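Student: I would like to learn how to read a few features of this model. Where do we begin?

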Amino acid sequence: MLLIYLLVLAVFSTAVFVLARRAARRRATVVKAHSAAGYHGAWALIWAAVPALIILILASTFDARIERTVLIASAPEAVQALDAPRRAAFIEDARIVGAGGMPRQIWTGDLSTALQEEAARASRVDGALAWGGLIAAILAALIGAGLAWRQTRPEFRARNRVEAFVSVALFACSAVAILTTIGIVASLVFESLRFFQTVPITEFLFGTQWSPQIAIRADQVGSTGAFGAVPLFVGTFLIMVIAMLVAGPIGLFSAIYLAEYAGPKRRAVIKPVLEILAGVPTVVYGFFAALTVGPSFRAFFNWIGAQLVGGPLDGLGQHLLLVQNQMALVAGAVMGIMLIPFVSSLSDDIINAVPQSLRDGSYAMGATRSETIKRVVLPAALPGIAGAFLLAVSRAIGETMIVTMAAGLAARTTLNPLDTVTTVTVQIVTLLTGDQEFDSAKTLAAFGLGLTLFVVTLILNFAAQRIVQTYREQYD
Amino acid sequence: MTDATLTRAGASGRSTAQLRKSLKRRHARERRFKLYGVLAIAIAIGFLALLLGRIIEQGHTAFWTHTVQTEVYLDPARIDPAYPEGTNFDQLVAEQQLARLGVQDDEAMSASRDMRQLMSAGVAFEMQRLVRENPEVIGDRITVTLPIGADADLYYKGELDGEGEEQFRRLNDRQILWLDQMRDQGRIQGQFNTGLFTRSDSTQPELAGVLGAVVGSALMLLVTASLALPIGVGAAIYLEEFAPKGRITDIIEVNINNLAAVPSIVYGLLGLAVFINWMHLPRSSPLVGGLVLALMALPTVIIATRSALKAVPPSIREAALAMGASRTQAVFHHVLPLAMPGVMTGSIIAMAHALGETAPLLLIGMVSFVPGVPEAVTSPSSALPVLVFIWENASERAFHERTAAAIMVLLVFMIIMNAAAIYLRRRFERRW
């Protein structure tokens, strides 16, 4: 429906543009116009389209909310007596029935008669809102076009007005970036505060027990649920360390080779290939980890375990025999592969930024290439490389799909890379992909975890950017 | 240290032999160091080859499927022409198959049950369609080509076999014997699996396809592109060409750099809290997915556009201004058209990235099972990367090859987009 309105609006405002342009030309025959006719047309188009567009978008975004509020405010007493979630479900069903659908729940007694009445009312309210929005939009378009039409005079400074509008619109575009940040911070903080009302923040940050099950009945085992996130932090840290152990050396040595040894031809081949590695979606890495790396690592460790059982290292052998497909090592190793291009391209840039004069000085003293790299280039590039590594760490912490598919769900505090561990991101996904009420402690816990993740990655990025920036300035 | 050794050697008059030896050692160290670099790159490329190789190895079989040709007697006593849905076609077909193999069904009908398991769940639909379209065939003996089940398909592809204990196998000895007999009768045909591209998600692996997810992803990218590109380009133009240097501009810049590094899952939380719970937009719809991906792609588009604008030499701007153009005219008539190839390249790469993004979509409800093709941006839908995730989780063996095939489809789309970006860069790139 909205699409049709938008099309009609587009046709209307194009017509206004053409008419206003023609009018501007006609009226400018005696006096020379200040602005070209096209700018008069554009000014009219802005007035015809923009207010109506804003009204249409606001109406389609908020009419469901308004309708709900109206219906709840004037609902019959039987409905008012319901508790909040049931009432919301009732209103939702009333809207569905009003739109000609089937109710999702069964309502008995008073409620079933009330449902029919409410449904009729819902469709009335819905119609009124839809018509109201539409009429307001039409009025706005007509009034806007009329106003602009009256301004179409030769002395009117249409170009300046249009350009002022354009620069405001451009500023609004860049304000979206700020709005996004505000949105992220507000939604995370708001929901987290509600979570910390039920679970104290100290228990969340320092508790060592994570079992976010909320029982349906009060007498069930583990009915309280525990929200100590330390096992998740440890799991995230462990996987991050493994990933950096893989990505750090391989990425750094690739960067050194690319920057110092490879000629332009080799670079032209190797760089795009590494970029492919960076372009592969993470879910593909997850699939690779779960179905290729996991089973082969497990087979390998089980085989070693089978060799050791009965020997002097019997205990270790028994342990290795129990290794599962899902373990920290698999997720970490595959994540490391994913991070190689990230580390190498950042380090490559930084090594390239080291001034050639430093290298030349070292060569002049008779040092070999590798000696120059180890004693001159790397020490000079060290802060920048540290920044690159910090950015990679922040990537590793925030990565979701690989760990969701390959690390497992068991929240345990261990540093053994062969155990299944769980991470912050995995838990966010698990907590939010089940079927549950939005306001339960379980879903709010996900926002608490999200806030922690956001703050940690923000600090890492900020530090990394600062380091890289000061480093750049040093050699500029 | 090296220099020190050399000086001392010269001063103390160390023999040339000693010097040669130390030089040899240093050159060996040099070669080793270079070798590490080569090794590192070889490892990275090796991993890439392994990754792609494994996916092709696991997925190529999914593009192939088998059908069985069989004769069916459409018994008028069992088919009501007015209501073909009421007929148990699975059973009907299975009985005729058994008769063809010369097997007597027992009292408990265990043989026909085993035979039914070998056939696809799509058999009933196909027979219903046939009878509905040509009701006059009822009572005839007709030859039809029917799809076989996922396990039988895997057996013909050589991925399931008769090893291991019978009770733990997907196929029992009797079923394997029948499958072999049917093949020996020449009734089994291999063909290209068009269903993979014309069907949507299903609980039955042999009926599952990627169409719904492809359409969902396309709708989502449409929303993302129509929001992220204009807003991103506009923001970049403002920051690069119009913004007064000051506090607000600095804050916006720092902001954008930080947004580019926020983990994608946090955008999913934002989408859940704002778009679904606050604005009540429909869950698991391409609209919400596209909005979230647009916010994610925005910093990338802005950064790419800014560097493209920066690459246009100031002389162009100055020439336009000198000819009496206004600032806005100089930017929109001269600078932006010259920066367009760079903008397009960056945008396409950002869109390719958005296409492969999975984590935020999980949080806005896209993991739910959606069997159809989405009709609008507000209807429930799946997306290609999410489909990969869902299928990977499915326990049925036959889903594994389909997961790899879905990944291949996803990668093909990404390769096309990246190739387009590279082509644009090569074709229109201008060095000043």
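Tutor: Begin with the elements: helices (H or I, at least four residues) and strands (E, at least two) are DSSP runs, numbered from the N terminus. This is a predicted model: local features need pLDDT of at least 70, side-chain atom pairs count only at pLDDT 80 or more, and totals for chains, interfaces and linings use all residues. Residues are numbered from 1 along each chain as its sequence is written, chains are lettered from A and ligands numbered from 1 in the order in which they are written, and side-chain values use heavy atoms, with hydrogens and water left out.

Student: Where is S284(B) placed?

Tutor: S284(B) is in the loop between helix 11 (264–278) and helix 12 (286–311) of chain B.

Student: What is the phi of S284(B)?

Tutor: Most residues other than glycine have a negative phi. S284(B) is not a glycine, yet its phi is positive, about 50°.

Student: Is S284(B) buried or exposed?

Tutor: Buried means under 20% relative accessible area, exposed over 50%, partly exposed in between (1.4 Å probe, protein chains only). S284(B) has 6%, so S284(B) is buried. N393(B), in helix 16 (residues 384–393) of chain B, has 52%, so N393(B) counts as exposed.

Student: Which residues gather in the positive patch?

Tutor: K374(A), R375(A), R14(B), K21(B), R25(B), R29(B) and R32(B). Helix 14 (369–398) of chain A and helix 2 (16–59) of chain B each supply at least two residues. Helix 2 of chain B gives the most, with four. K374(A) sits in helix 14 of chain A. Its relative accessible area is 36%, so K374(A) is partly exposed.

Student: What does UniProt place at residues 214–420 of chain B?

Tutor: UniProt positions use the numbering used here, feature names are shortened, and annotations may be inferred rather than shown by experiment. The unreviewed entry places "domain: ABC transmembrane type-1" there. Residues 214–420 of chain B are 78% helix and 0% strand, with end C-alpha atoms 19 Å apart. The "transmembrane region" annotation, also from an unreviewed entry, covers spans including 287–309 and 404–424 of chain B. Residues 287–309 are 100% helix, with end C-alpha atoms 31 Å apart.

Notes
Patch = residues over 30% accessible without salt bridge, like charges linked within 9 Å, V, L, I, M, F, W, Y side chains within 5 Å. Areas by Shrake-Rupley, 256 points an atom, 1.4 Å probe, with all protein chains shown as cover. Salt bridge = Lys/Arg side-chain N within 4 Å of Asp/Glu carboxyl O. Lys, Arg positive; Asp, Glu negative; His and termini not counted. Charge placed at Lys NZ, Arg CZ, Asp CG, Glu CD.
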